[in-house]
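Dear colleague,

Please find the structure below, followed by a short account of what was found in it.

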There are 4 protein chains.
Amino acid sequence: MSPIKGRVLLAYSGGLDTSCILAWLLEQRYEVIAYMANVGQEEDFEAAKEKALNIGATKVYIEDLRREFVEELIFPAIQANAIYENVYLLGTSLSRPIIAKSQIEIAIRENCKFVSHGCTGKGNDQVRFELAYYALKPDIEVISPWRIPEFYERFPGRQALLAYAAEKNIPVVQTVKKPWSTDENLFHISYEAGILEDPYCTPPKDMWKLTVDPEDAPNVPERISISFEKGIPQKVVNHGDGTTITDPLELFIYLNTVARRNGIGRIDIVENRFIGIKSRGCYETPGGTILRAAHIDLEGLVLDRQVRAMRDQFITPQFSQILYNGQYFSPEREFLLASLLESQKTVNGEVKLKLYKGNVVVEGRRSDTVKLYDMEESSMDVQGDFSPVDSEGFIKILGIRLKKWGKSSL
Amino acid sequence: MSPIKGRVLLAYSGGLDTSCILAWLLEQRYEVIAYMANVGQEEDFEAAKEKALNIGATKVYIEDLRREFVEELIFPAIQANAIYENVYLLGTSLSRPIIAKSQIEIAIRENCKFVSHGCTGKGNDQVRFELAYYALKPDIEVISPWRIPEFYERFPGRQALLAYAAEKNIPVVQTVKKPWSTDENLFHISYEAGILEDPYCTPPKDMWKLTVDPEDAPNVPERISISFEKGIPQKVVNHGDGTTITDPLELFIYLNTVARRNGIGRIDIVENRFIGIKSRGCYETPGGTILRAAHIDLEGLVLDRQVRAMRDQFITPQFSQILYNGQYFSPEREFLLASLLESQKTVNGEVKLKLYKGNVVVEGRRSDTVKLYDMEESSMDVQGDFSPVDSEGFIKILGIRLKKWGKSSL
Amino acid sequence: MSPIKGRVLLAYSGGLDTSCILAWLLEQRYEVIAYMANVGQEEDFEAAKEKALNIGATKVYIEDLRREFVEELIFPAIQANAIYENVYLLGTSLSRPIIAKSQIEIAIRENCKFVSHGCTGKGNDQVRFELAYYALKPDIEVISPWRIPEFYERFPGRQALLAYAAEKNIPVVQTVKKPWSTDENLFHISYEAGILEDPYCTPPKDMWKLTVDPEDAPNVPERISISFEKGIPQKVVNHGDGTTITDPLELFIYLNTVARRNGIGRIDIVENRFIGIKSRGCYETPGGTILRAAHIDLEGLVLDRQVRAMRDQFITPQFSQILYNGQYFSPEREFLLASLLESQKTVNGEVKLKLYKGNVVVEGRRSDTVKLYDMEESSMDVQGDFSPVDSEGFIKILGIRLKKWGKSSL
Amino acid sequence: MSPIKGRVLLAYSGGLDTSCILAWLLEQRYEVIAYMANVGQEEDFEAAKEKALNIGATKVYIEDLRREFVEELIFPAIQANAIYENVYLLGTSLSRPIIAKSQIEIAIRENCKFVSHGCTGKGNDQVRFELAYYALKPDIEVISPWRIPEFYERFPGRQALLAYAAEKNIPVVQTVKKPWSTDENLFHISYEAGILEDPYCTPPKDMWKLTVDPEDAPNVPERISISFEKGIPQKVVNHGDGTTITDPLELFIYLNTVARRNGIGRIDIVENRFIGIKSRGCYETPGGTILRAAHIDLEGLVLDRQVRAMRDQFITPQFSQILYNGQYFSPEREFLLASLLESQKTVNGEVKLKLYKGNVVVEGRRSDTVKLYDMEESSMDVQGDFSPVDSEGFIKILGIRLKKWGKSSL
């Protein structure tokens, strides 16, 4: 028998794919430690652990990354108003850095020469995981079975995997396979592939898992307030029952709860994957949808106009693209973050919201500490210190260039 | 009596302010022609005309600009996904260029040395009108009474205007003044000032005029399809009753109708006026909200990734800012428009939508002519021509820079 | 006699204009303190002080701001590679914030209600000074005589000022007035107006003051090295005579010296003033031209590609525009500065330069601490760790999108 | 003997590498047609043709692309002020699209299934050629020997190639190999690799081929004028001898001539290759350096401020990056080109230049047709129509936001 090639830390989900990969890696004479990240997905971690050990994993790590996920990734994304191609709130992208970082930490601790994952060769996640691995540990070696011909040619479809699982005594849950794939975490769930690959096909009502259908949501709105400091949510208050939450993880989970029951956060998009293929995805991002709307609204009250324009034009799209394309651990993210944080210094205040059948309606906002909004100055009825004659000069000066252009165009 | 100072073309609304301005201009020894633009606002134009003539206008023009407004301003804004500060769809800004252009055309025809308007000195509209005037007719002279001390000091509030109206026999409609101001056109209505100046104050339910409250909207969704060519809407079909519309103006009015009855298009924002004052505005943009959502969605299917990213980062915010700040007639707008139109060459296809209690839900999209989306290539289940090994190289090359950075940061 | 209206701190130069302004302010019943900033211009400060006191100034401040100018303004501009309209190195703009800040500090100390300056109403400097005043002390009142009709109508030209000076016993230096205006500081000198207003007119050889004509510069090149830390120059070494300088102020003065004798730093430009008027300016920026070339070169070696691209596209032009337009004291400058400083963390190393008859020639660069450049990896002759097969995949993946586009365009 | 695998169109230079590739392709049972592009490099095309035929090429194409190169690539790059990383004028990048396009046209005409080239696997040119191939003919197959293990492992260095050449009777010119590589075309020559891989090493004086050393250039300046229409050079006049050129190709060659003899256009840079490796390059771009300086200068006179700022911030860097990264044939280039051309509508006029020992000195500029510059308006001595009071209002309005910020920061 050939000697052991080395120790691999495999990102393991408990599902068919990564179970077969685990068995296959063992077959290829690797030692395998399984790694599971709890980023808030619905999962029976203990059952998966037992399964991995049964297949032959030396050890299994289950890491609860939920708090770090909220504080390190989700909240900065809210500060940035991060969004991809005008619609997608980056839920899958956001979980990747936190998972990869933890995986590399354990790989170092366990002295693994290799890390491995079950991502396909056509998607974004392979890029996100591996660029993070390389940035965090430049000498790590990556085993990506779905890009290795001897693996993907051996397992051309689900049937081949099932046969291999049977051969290796890997238990397979006897559920009917849904005609789409999902990826879930605390921030969102994604649906893609299968019947969704026809972009004209309307997703079936029973696909959506995290949120109630707006048509089935309560007929009576729910009202909450969210308070921010430096663009970070600090407190949520439910005006109906007085629930008040301040712990970041609990706060985010609570926002998920109220958003879910009010049908908030569904989207359907054809997006451009990093590798240049167009792809259709459906997503539910309940709490994140509320937080983004509230944060954007508050910024209207407390952020300087020029800072907002610059942040919107430069930081938001670049930061979002970096997340989507898997370049979170990079000098450019640190570069962008510096100005982003500077922009958030004044984002302090409270936003009132009405949640109703899919709608997040802003009903008012205030800030005790930031006074860029001035009711008297703003007033159309009160003149205040404002001298209307100044506007005359302002417009005249702005007109110089345009008159010149107008003359030269005549 | 002093001689006539010259002929003024006054943008006239029939309301108290511009009626008093008309009378005051006559008092100042100007000859005044009144100009009214029909951009789709609810207005009794004939009554206003008679009123202007009674006050002393030499002539009254009523120009129906609705079709031009839709084709020249609203549709390009849809092509650009125009939006200001992430929220405001620019409804007031969009009507200004079309009104100013027509006003200048008539001023030229009528040989007016002056144009005048009733905008306040604190707002955006004075800038938008006057920069348009100057660009289109650099030698025009503008009379802006609310910036002339002898006018605004004489009329410090509504009471003074009412007294002057009484003195001049100007009829005043005996309605209770609403505690906010509005500006309406085919695209939207705005509400600001009065009680809205407290940004924490929730607008009263009876303020909203164009749309039904989502809570009162039908319990059954309505489904429509919108077809675009080069980013311009060509056809709307109602899947319920089969209504089909293709004429641009009728199409837009019809979208307003279905949006209004389904409670679509309300927003509430604290925005930054061009002159640097923060201001709170509420807006209803029923049809425009549907069109924008549909257009953005279709672009996912038919627009190249890089073109989209560049358009989103550069054209959309700059084009929107130019509209907001009143620099529509400018070399920079022509500059931006060139690439915008280039980007829209492939924006051909159809989007299916569900309208329900404030929500615009995309349910699918397709294009017969643009084939950038490829189901087989996109598929996670079918390998197609795609070689997973290529992704290996792609990631490795992207990793070179990040590994170097990772090493230098260790 | 009417009572004193208040105390004014006047930015005073000792020249005809500000001397007349001083006399006129006294005539208008203000108390006047004169303020002179030493930002490195050639000036007899003591003579000017005496003159101001003779005219009637209560007190005269002479502030040596040279070191602060170098450290607070010039060096950050070098870090940003600041440049306006591709050509102008912003010499005048850079001195304004430092002068205004000091003037406001003294105004506060001396309890002045007013500040005043001698800038014209058509230029950029009025904007730069006054926006700085307003940001630093929002309640300050500004007296800008060249914008006050009773002043500028009384003094329509130089003759009127000379007559007024004679009347007030203000001594006027009997030099022939040069047919252009200048503004000088440690960083640069500007020439504008007069014969230069014809943009086709070549500036006369004797106009240029700070640098020797390249045609008259030494026939033998001079060689120096400049070392940077975090983008800030730390040391200059002259390879000819071994001169070594490390003190920031002395270092910058020394760079001026070597640049001047080698004819480095002249430019001639038609630029766009902030108020929308085109204007022709000639400038000499000797030391700054060398520093900018060296800094840009070093960044090639030590700055990450993406950080460079983002900094170049966003920070450099915005930071430059802010300086030019007088918005240095602003939230947007703080916003941009955060990422700028982040980008400079790795800008450590040394650049070798040859100076010769107007040319700044880079002859090599190195960094002991930043190792992003890797000779083996870079080598076309040595394969190193690099796997050429990876490039295959990289190109194939990049080709996916372009093939699709190529097909759809056929 | 195995059957012929198909017909290849090989980009052939006549040098050792592509001669060996030609022989190797024949050995691999391909039919090979050789393709040579004349883009202005110094080359004995006829000798190379004979050599290719002797080695076994079925046919040899020599295409004179010089005029197309100037008109289709160089002039648009001048319109865009294209530059990479602040320094590099993109000389190699610019020739690639024109070469690839012609190669694909012949491949189609000759019914070739394959194209091939001699680029290394570490450089930019492989990307530039192949992405162009794929965009222009999506089904083309590319043979890139330096990325095929059986090729590059067989020929690990120059000695192995020489041995193979000897074996195949390929004549090798007996010159001493220079310790760097070059790539030449009408626009520039590049030097890289070899001793240049040490970025601190100063290039030897005898490396530079296209330009005389500034130290050896004439002691008397030469003066020329260049006229542009829509940003395209139309005429060059030499003020010394009256030479006047208007044909685009001749005009560019003439600019090269005068630039070369005056030592203009040398640079030395550490740049970031597209694949993420830093690399040192030296370049000479004689005529291009003059044209770029003249074009930028003229734009000061005739381009609107906002258009210039937007073009500079967006089009210039993106267009340059696209060229560098080999994405010339792409929807994004067409997108950017639309606004670029729009911006150049007013770029009409003449620039006077002095050429002297490496310096390109602008001595004046004028435009008969574009009148955005206005001497009276610009004048600091003449008031003209300008009302200084307008500036008062302009500054006051700009101050509103900054005062608010100043107050909130106190």
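A salt bridge here is a side-chain nitrogen of Lys or Arg within 4 Å of a carboxyl oxygen of Asp or Glu. By that rule, six salt bridges cross the interface of chain C and chain B. One of the pairs to look at is Lys404(B) with Asp374(C), a salt bridge whose closest N and O atoms are 2.5 Å apart.

This is a predicted model, in which local features need pLDDT of at least 70 and side-chain atom pairs count only at pLDDT 80 or more, while totals for chains, interfaces and linings use all residues. Residues are numbered from 1 along each chain as its sequence is written, chains are lettered from A and ligands numbered from 1 in the order in which they are written, and side-chain values use heavy atoms, with hydrogens and water left out.

The contact (heavy atoms within 4.5 Å) involves 20 residues of chain C and 20 residues of chain B. Between these chains, about 1900 Å² is buried, 65% of it from carbon and sulfur atoms; buried area is the accessible area (1.4 Å probe) that two parts lose on being put together, summed over both. On the side of chain C, Ile397(C), Arg401(C) and Lys404(C) lose the most area to chain B, together 31% of what that side buries.

As to symmetry, chain A can be laid on chain B with an RMSD of 0.0 Å by a turn of 180 degrees and a shift of 0.0 Å along the axis, the superposition being by least squares on the C-alpha atoms of residues with pLDDT of at least 70 in both. The two copies are therefore related as by a two-fold rotation axis.

With kind regards
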